[in-house]
Amino acid sequence: MSQLAAFIKEKRQQKPILSMTHVVYGYPSVEESLDWMARLMKEGVDFIEVQFPFSDPVADGPSIVAACHKALEQKLDVETCLSQLGNLAKDYPNSRIVLMSYLNPMYRFGLDKLAKRAAEENILGLILPDLPIEQAATYQAACKANNIDPVWLVTPVTPPERLAMLASQASGFLYCVARSGVTGHSSHESKAKQTSLDDYLTLIKQHASAPMGVGFGLRERAQIEQLIGKADIAILGSALLDAYNKGGQEAGIKLIKDLFSLKANQ
Amino acid sequence: MQSENGFYGQYGGSYIPEILYSSQQQILQAFEEAKHDPEFLAELNKQWQQFSGRPTPLTFCANLTEHFGGAQIYLKREDLNHSGAHKMNNVIGQGLLVKRMGKKRVIAETGAGQHGIATALVAARLGLECTIYMGAKDIERQYPNVFWMKQLGATVVPVTTGAQTLRDALDEALRDWSSSHEESHYLIGTSCGCAPFPEMVAYFQSVIGNEVREQSVAQFGQFPDRLYACVGGGSNACGLFLPFLDDKEVEMVGVEAGGKGLELGEHSIRLSHNLGKPGIAQGFATMFLQDDAGQLQETHSIAAGLDYVGVSPIIAHLAEIGRIKMTYAMDDEVIAACTLLLKKEGIIPALESSHALAGAFKDAPNLPKDSKIVINLSGRGDKDIFNVAKAVQDETFPQFLTDYLASYPTNHADHEEQNA
């Protein structure tokens, strides 16, 4: 079994739903972002999803876009980022790290090298939202060779046969996008059609043997509670960033505690 | 040019967020069906003719030819399209496709505003809701175009992220489409983006080259020896070049924006002199101007329509295999070429198209006297009045602006109230 899926299954013995919290690497500075990641893992989140910034993050909404652009005011380097995350992974063995970015910076770094270096640093999953599975054969092979997982996304408008295909390819976990649109609050929100999250997750579960994570638009405890029994991981991105921007680490931790009622890692 | 599953050599493809998969498939299918449907093609030709004024002429330039003493110079007059540029060919085609798909709204990105205006014109004619994304800095620089878009009924949304220019506008259009894909069509303005956009835009633009095939034979008894087009996104170049792809004796030259210099950030040269690097962003693989960490970079050109950070995957591929020769023209050479065309031929070219002129004018004196070259005059220059006035240091223009401003009614709202 994939290392990621095994970790999730084991953790799920004790918790009804796991937490994955998103952090933009380099925002507002490299040091502050690493400190924030360490704090989150210390407070007992199950996963951190670290976004390596790209100049043109087309799947993200205003909060994360602004953070990425701010982070890119300094020169960021993939190799340095991976080593720093590796140190965090060593310091906080009760949590896991997945790396998210867009294709271009990773493509320039080298997808083979990325899979190898991520595995060496104990980063068990990679999320590249603009790399569709059809173009991903070599990337999939590189992940497999290094025993880490590419994380595929499914959405409420993914056609059923494609959903079945993506679900069957998922190993670590399947990232279920909760609604149309980009991450977080944005001016585009009202244009999206609403679908029933319950029906959608039930449909995915019929096809997926891998654990399921749900993200996009989660910001209230009721939403997390609604996911219990239907998904394994709730992914908190823009809402956490918004809280962090308003009140720093303390506001972020308060939001997580309100949403997940966490127990700190010893 | 037919792609292989959306790819042209190593360029092109579909690198889009999963949320857009279904909408993209719908466009793929609709375009495939439409281009084989005689009724659709008849309507397309009718709109090209009756709305945009096609066919556009092929104009012989006797004075320029004599001036350079080399090749015989012809211009393909895309500037005579409705809206003043070749952009119209594409928006009419995609607009009709939107009606065919039953969607009610179009989204577009625009840099200088030419594609924004063309989209707003077609949306008004076809009764479609229209949202245009435009960088806040471009809005400042190109307000007259924004004004017309708004008058045409479009919503113009300023994009304030990143460098606040075309690249950011394209990102934001994609974000809108990610939310609104069920009701909206992303009407991209150039032969870039995910499949089938490069192929589809090139298909609609190929009317340019198809007309030149007929006109050249009718007017001078052969195909042109050489074709010139400026290359921003690449749609006017695709339109002129692709119909001649199999005619090996027809040479093709693409002219990029050299801007102010060859330092990163001062130009928009992606395809020659090793300045661009392969990358995958904004939905497709092509040559991008980027740093060594894969972050896309700022660009510059005196012509706002040429400062895109990437380039059509079709042009990137044809340049790589040597079918198209790529060169560039600097800002000052472009102004000189523009001025020369004004004085010699009585035609006002867009600064974008003036790049093609500048590239051709460099070669013309050295080409045989019986050779024929066709330069794509992709747009007219009325829109560039402010930039050209500044570049030629017209002394009266600032006074005109001052006087105009002094007489401009600033309390418009009060007047309306009084009149009500």
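**Terms and their grounds**

Analyst: In chain A, 57% of the 266 residues count as buried; a residue is buried if 20 or more other C-beta atoms, placed from the backbone, lie within 10 Å of its own, exposed if 12 or fewer, and partly exposed in between. This is a predicted model, in which local features need pLDDT of at least 70 and side-chain atom pairs count only at pLDDT 80 or more, while totals for chains, interfaces and linings use all residues. Residues are numbered from 1 along each chain as its sequence is written, and chains are lettered from A and ligands numbered from 1 in the order in which they are written.

User: Why is chain A called as compact as a globular protein of its length?

Analyst: The radius of gyration, taken over C-alpha atoms, is compared with the globule rule, 2.2 Å times the number of residues to the power 0.38. For 266 residues the rule gives 18 Å, and chain A has 17 Å, which is close to that figure, so the description holds. Along its principal axes, the C-alpha trace of chain A spans about 40 × 40 × 40 Å.

User: What makes up the secondary structure of chain A?

Analyst: Chain A has 11 helices and nine strands. Helices (H or I, at least four residues) and strands (E, at least two) are DSSP runs, numbered from the N terminus.

User: How do you know that both faces of strand β9 of chain A are covered?

Analyst: On one side of β9(A), residues 233-236, stand I233(A) and I235(A), and on the other A234(A) and L236(A); all are buried.

User: Which strands pair with β9(A), and in what sense?

Analyst: Two strands pair if DSSP finds at least two bridges between them. Strand β1(A), residues 18-24, has four bridges to β9(A) and runs parallel; strand β8(A), residues 212-215, has two, also in the parallel sense. I233(A) is the bridge partner of L18(A), and G213(A) stands opposite I233(A) as well.

User: What makes a set of residues a nonpolar core, and which members touch the most others in the largest one?

Analyst: The set must consist of buried Ala, Val, Leu, Ile, Met, Phe, Trp, Tyr and Cys residues joined through C-beta atoms within 7 Å. The largest such core has 228 residues, and F173(A), L174(A) and C176(A) touch the most other members. Helix α11(A), residues 238-260, gives the most to this core, with 10 residues.

User: What does C176(A) touch?

Analyst: Contact requires C-beta atoms, placed from the backbone, within 7 Å. Not counting residues up to four places away in sequence, C176(A) touches V154(A), L201(A), I204(A), M212(A), G213(A), V214(A) and A231(A).

User: Why is strand β6 of chain B called largely enclosed?

Analyst: Six of the seven residues of β6(B), residues 129-135, are buried, so the strand is largely enclosed by the rest of the structure. Strand β5(B), residues 105-110, runs parallel to β6(B) and is joined to it by six bridges. E109(B) stands opposite Y133(B) in β6(B).

User: How is chain B divided into domains, and how far apart are their C-alpha centres?

Analyst: Domain 1 of chain B covers 8-49 + 86-201 and domain 2 covers 54-84 + 206-387, with bounds from an automatic or database domain assignment. Their C-alpha centres lie 22 Å apart, and 38 residues of domain 1 are in contact with 39 residues of domain 2.

User: How many residues of chain B are in contact with chain A?

Analyst: In chain B, 29 residues are in contact with 38 residues of chain A. The largest share of the chain B side, eight residues, comes from α8(B).

Conventions: Two residues are in contact if their C-beta atoms, placed from the backbone, lie within 7 Å.
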